[in-house]
Amino acid sequence: MDPECARLLPALCAVLADPRQPVADDTCLEKLLDWFKAVTDAGSSLLLLQENPCLVELLFHVRKPQDLSSRILSFALRLAGTFAAQEDCFQYLQQGELLPGLFGEQGPLGAAAWVAPTVRSGWIQGLRSLAQHPSALLFLADSGAVDTIFSLQGDPSLFVASAAGQLLVHILDLAMRGPAEGRGPAEGRGRLQARDWPACAWRIVCHLEDCLCSEAAPRVTQALHVLTTAFGHCHGLWTQGLWVQLSPLVARLLEKDPVPAPHALVELLLSVARSSVLSSDPGLWETVAQTLSHLSPMQAGPLAAGILKLQDCPQALRIQAFGVLLRPLACVLEAAAQAPGTPGLLEGAAGDQMAVDTLPPSKSVCVGLLCSTLAHLELLQPLPQRPSPWPQAPLLAAAVTILRFCNGSAAPSSELGGHLCAMLVGCVRVQRAALDFLGVLSQGLGPRELVTQVFAVLLEYLVSPDSSPTVLKKAFQATLRWLLGSAVPPSCCDLEPHAQLVLRELLAVLQKRLCSPCWEVRDSGLEFLTQMTRHWGGQATFRQALLASEVPKLASQLLQDPESYVRASAVAAAGQLSSRGLHAAPSSPEHPAGPQKTPLEELLLVLTTDSEGFPRRAAMRVFTEWLRDGHVAVAEDRERFVARVLQAASGDLDWEVRVQGLELALVFLQQLLGACGPGAAPPCALAQALRALCRVQVFEFAFRSLFDCDRPVAQKSCDLLLFLRAKAAPSGSPQEAGESPDVAPVEAALRRWRAGEQGQPLGELAPEAILAVLRSLDLEALRDTLAESSDHVERSPQSLLQDMLATVGVLGDNEADCY
Amino acid sequence: MKLYCLSGHPTLPCNVLKFKSTTIMLDCGLDMTSTLNFLPLPLVQSPRLSSLPGWSLKDGNAFLDKELKECSGHVFVDSVPEFCLPETELIDLSTVDVILISNYHCMMALPYITEHTGFTGTVYATEPTVQIGRLLMEELVNFIERVPKAQSASLWKNKDIQRLLPSPLKDAVEVSTWRRCYTMQEVNSALSKIQLVGYSQKIELFGAVQVTPLSSGYALGSSNWIIQSHYEKVSYVSGSSLLTTHPQPMDQASLKNSDVLILTGLTQIPTANPDGMVGEFCSNLALTVRNGGNVLVPCYPSGVIYDLLECLYQYIDSAGLSSIPFYFISPVANSSLEFSQIFAEWLCHNKQTKVYLPEPPFPHAELIQTNKLKHYPSIHGDFSNDFRQPCVVFTGHPSLRFGDVVHFMELWGKSSLNTVIFTEPDFSYLEALAPYQPLAMKCIYCPIDTRLNFIQVSKLLKEVQPLHVVCPEQYTQPPPAQSHRMDLMVDCQPPAMSYRRAEVLALPFKRRYEKIEIMPELADSLVPMEIKPGISLATVSAVLHTKDNKHVLQPPPRPAQPTGGKKRKRASDDIPDCKVLKPLLSGSIPVDQFVQTLEKHGFSDIKVEDTAKGHIVLLQEAETLIQIEEDSTHIICDDDEVLRVRLRDLVLKFLQKF
């Protein structure tokens, strides 16, 4: 600890111990604790206490019954725990009977302060820090703390209850690590008999057993949570013994009807199944299989999905789990089937009865079940360990059927189908989930007639006036994925004939959607257009269809949209369309014969005049892309283009636009010097590049940006200048050996900018002067400073202590102001 | 209580409720879909329509060719359009005491009822309903009268001939009751019978029932009605909306605790969500205009048009359509736009508050001020000078059979650049377009019906919990075209009773109580006796006096003097005899104690048997049987009167008398 902090510490302790001096800010106490944690991690706690007796005094002081705030009490408990984590310090504190006074019966436990959840939480966290060594275990056993922790598991505060459970796991781990450690696996296994467990562990295990046998569901849940944490976080061999001991009780839960705490049980089983130590237990898989068959489809879904994500598990169980997961979809297919006996998702399991059992009669539960099933399958699809064979075709059929139920276009003949239809029609949640799932399925394709149905249903959603904006966005995304999937063969970008047919209808829909009064819809429409153009802009069928439609014209009109997000998307679309030569000449009904602007002019207008940041940022992104890809309008006069854009961007109020401007400058620079390969550029090329850079006035922008009040701008500028300096040969090259350029005016300007005077222009610069300035600047140091977080200066412990003292008015400066 | 169903159209109802001694007509809707069978009435001579070929029977018989014309495979009646009236034979309409109108669309048959059936009662409606209803009627009369048609076809209506006609004429129902439009004189006379009411106003009908209009949220001044007596409550729900549009929100709470809820006027397009449709309307409008086409919106002069104009007000600037002219053409366009602004108290809260600001409640005022919206009484006159294309025209009639819309259909129908957007749900757009085929113009169907959908109905019914629901039969099964959509029907417990045209329903509920007043002096003479804590009884001897559906108990006249026994009674003295009444008994007989008492009084050999309704006490020695049940006690003994009286007195000991 530095001497200045040590000097401030007694005053701070006095403030903390004084109930009349409230510490207003909770975060100060947290920061203080973090600091003490860092100090004790780095050195001896005992020494710290001995050198700063005020700390022990503070802890002693807290023990006395008084009106200390619950926050200070909680802080003190955690602080004591932090110190006592080191065994010698623990002994030191024990000598003074300090720890029983804080954590034992005579501490806050029995006092009025215990009512405050923050005190109970501090007590638990203090013990959690303290429980690091065998002495701590003895202390816990003697002080009766374990019983208190048991009772805190049912605490009304969820934070306290959860922390109590975690503390139990921690204690168990600490207790069990002792006996199991240091022995080989075989020997260890022999020692894992329950009777040999340490008393403390044994008590906890007995408590868990009691809970698991309890009739009260909350107690069962508590035990299951503790076990889930134990198997999830502890990987010692002892966990195996614990599982052997408790698994029969867990299995017995399945005999109850209804199964208590099903969600916690699922979590536990998955936690055990993921544990490398336990997953070899065949009994485990049996329990899991039983659980799968006992729980309702809604409860079993997460378990089934979890099992299928496991790398290793018995094949039979995987088949069972997949069956559970697919059941709701199989029922949907069954409900929609026009005639019984239509092949479904699950062979042999179909039937009305199954459907009635699986699909809950309540709308909200049924919707929840379908959404979670679709979400699980969506996550499973891309995984390498997903079930094989993957039933792509029936899944596609199921997704399409669900979407049909949701928009009312399904016409089921069965009663169940009618019921399902009534529940799902117009349900936005299921629509979104099914569209997401359908999108994911595009990676697998499917039989032609099904793909036709997929496009048909997607079009229905895109056309329907009832599709909500979010559903429509998802429908656009799914359509794009299916169109991408339909490209044949993969290397060729051409759309397959079927998709080409869809394309015409899509463009008609898009036309209408771009005129929607709902801005979200116009926005998603434009995004879709941009994506389509990106992928098929070079393809003849697409180009023909697009140019024959009104879409490019409408997209261009949306550059004047009142909503800034839409304008931003319109800018992106215009950029993409123009890159592909598909840009429409603008002619709105207002100005039918107005002068036609080029896309570049239009976007420059957005960059210079738009009042919102999003469209201007979008314009910058488009310009950078154009420069990178060599857009025709750019290639005509690249320097002029860069100069115009930089001029607009450098003065922009939005920092992202300025960053984008520097990015564009970097791309320009890379293009100028890129051909030279890595390392320094040849002097003539460098000189040429520098002259070009000077002409487009990059340097004034870059140097100013070094002192930009927005850090990312300064960082970007640093990167740009560092890149340039790396390309320049080290100083003293023959060309510069002559007279050294006059850099004084530049440095003077830089100094003024650094001081915040922005008015001063840089004026004309010679390339040599620039190189000299670049070399004279310590860009690396600047970059490192910028990389620090913005509060690094204010974050020192000394500043923290000063702040805390200042808020209560103890520091000398403030005293002078007192009468 | 009976319900006479005079209309089969669920959204244009006309029912008569007989409740207590009153006869109340609920709405007076006019089914105008019959006009779809007629040829349009063009404002300007249409060569196409006038040269349509006459229709002849398969055998070539052409005797109907003057009355029926053929157009694109459909047959139309070439005559003045006629409307399908509510049933007039089911009940003598001159006996109707009052007519309750729920909204301006549901009063269009009023002149037929009030002027031609001997009706002498009163019509109740809110002020906006009457004013806008008048505008709708005025427009209708104007549309039809300004293009006089000499010819009136009636031959085809002959039952034997109608059978030979092609569909849909062949299947048209009740053609004999179809009537030509009423005159303005009849309209004025009918409207003069209306008495204006305000929401929540209580109107006494002959002292028997009280009727109250409640806001229904559907249109300006639209109402649902509560019809109640002291112990019965009937709610009439017609054309209600829970969406936030321009009218005052729907009052749901007052519908609670109804014995019967008559449910009519739900949305005609249950699968279309109005918000989505408005979006569709705007998108298609913009798309057409941007391509240089014109947009035609066939509509009524009031109602959804206010909301559409408001949407467009917000939309046109963002869609870059500020320079496109919007025309509203109707004989009552001006009045409609102006009326809407003055009915502040009938508007939604948001619009009401604007009254206190220097701005009108509806933004169409600003559209008019800025010349973006222009209105004209007809296409003749100023309109032809101002007319500029591309443009958007709102005009009637939505049936496309009369009104200025006919002209625009003829004018713009040939170009695929133009679009007709149907927003009114009352007419099938395909049938409306039939006489204009072949049509190059684009047709968009965005029906906007803000009335309750089935989900909202089921929520409403759950909340207000009526004992019985009565609704048109169309609402008790899914639509025929979507028979699997079980969600598109009224779902309630017990299942709703359904009605159809010309049906009489006995409503499933009996009146059990009637309120009776007691005169103060009579009440004064009563001596209540508490028989249970909180319940006191008193016997009353009085004369029940009933007049004007009010019942009063008056003190009985003094009993006639016994001396006058010989005097002959006169008819005027014919008052009920006031005999000395036996005391009333109450309480129950505890069998065990009763047996003990019997034993104490010397009866022996007593047996008690339990029966389903009580007990039988057998006095075997006396050969007597005492049957004790909840509400009666019988002593059965053989002619031993003394024993019977003894036993009776023992029984009476356990009972209270008063």
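These entries record what I looked up in the structure, which is a predicted model.

**Entry 1: the interface**

I began with the contact between the two chains. I found 25 residues of chain B in contact with 24 residues of chain A. The area buried between chain B and chain A is about 2,000 Å², and carbon and sulfur atoms give 56% of that area. I then asked which three residues of chain B supply more of its buried area than any other three. They are B:Leu287, B:Arg290 and B:His484, which together supply 32% of the area that chain B buries against chain A.

**Entry 2: polar links across the interface**

I looked up the charged pairs next and found one salt bridge across the interface of chain B and chain A. The partners are B:Glu280 and A:Lys512, with their closest N and O atoms 2.6 Å apart. Five residue pairs are in polar contact between chain B and chain A. On the side of chain B that touches chain A, helix H6 (274-290) and helix H7 (304-318) each supply at least two residues. H6(B) gives the most, with ten residues. By class, I noted nine nonpolar, twelve polar and four charged residues on that side of chain B.

**Entry 3: helix H18 of chain A**

I checked the length of helix H18 (residues 297-309) of chain A. Its 13 residues should span 18 Å at 1.5 Å a residue, and the end C-alpha atoms are 18 Å apart, so the two values agree. The buried residues of H18(A) include A:Ala300, A:Leu303, A:Ile307 and A:Leu308. Among the elements that cover the buried residues of H18(A), I recorded helices H16 (262-274), H17 (282-294), H19 (315-336) and H21 (363-380) of chain A.

**Entry 4: salt bridges within the chains**

The count over all chains is 40 salt bridges, and I examined several of them.

A:Arg177 and A:Asp173 meet in a salt bridge at 3.5 Å, N to O. Both residues lie in helix H11 (residues 158-180) of chain A, four residues apart, about one turn of the helix. Which of the two is buried? A:Asp173 is buried, because its relative accessible area of 16% is under 20%. A:Arg177 is partly exposed, with a relative accessible area of 34%.

A:Arg695 and A:Glu639 form another salt bridge, their closest N and O atoms being 2.7 Å apart. This pair links distant parts of the chain, with A:Arg695 in helix H37 (residues 683-695) and A:Glu639 in helix H35 (residues 638-650) of chain A, 56 residues apart. A:Glu639 counts as partly exposed at 26% relative accessibility.

Finally, I recorded a network of salt bridges that links A:Arg617, A:Asp654 and A:Glu656.

Key: Residues are numbered from 1 along each chain as its sequence is written. Chains are lettered from A and ligands numbered from 1 in the order in which they are written. This is a predicted model: local features need pLDDT of at least 70, side-chain atom pairs count only at pLDDT 80 or more; totals for chains, interfaces and linings use all residues. Side-chain values use heavy atoms; hydrogens and water are left out. Contact means heavy atoms within 4.5 Å. Buried area is the accessible area (1.4 Å probe) that two parts lose on being put together, summed over both. A salt bridge is a side-chain nitrogen of Lys or Arg within 4 Å of a carboxyl oxygen of Asp or Glu. A polar contact is a pair of N or O atoms within 3.5 Å; within protein, one must be able to donate a hydrogen and the other to accept it, and residues adjacent in sequence count only if both atoms are side-chain atoms. Ala, Val, Leu, Ile, Met, Phe, Trp, Tyr, Cys and Pro count as nonpolar, Asp, Glu, Lys and Arg as charged, and the others, Gly among them, as polar. The expected span of a helix is 1.5 Å times one less than its number of residues. Buried means under 20% relative accessible area, exposed over 50%, partly exposed in between (1.4 Å probe, protein chains only).
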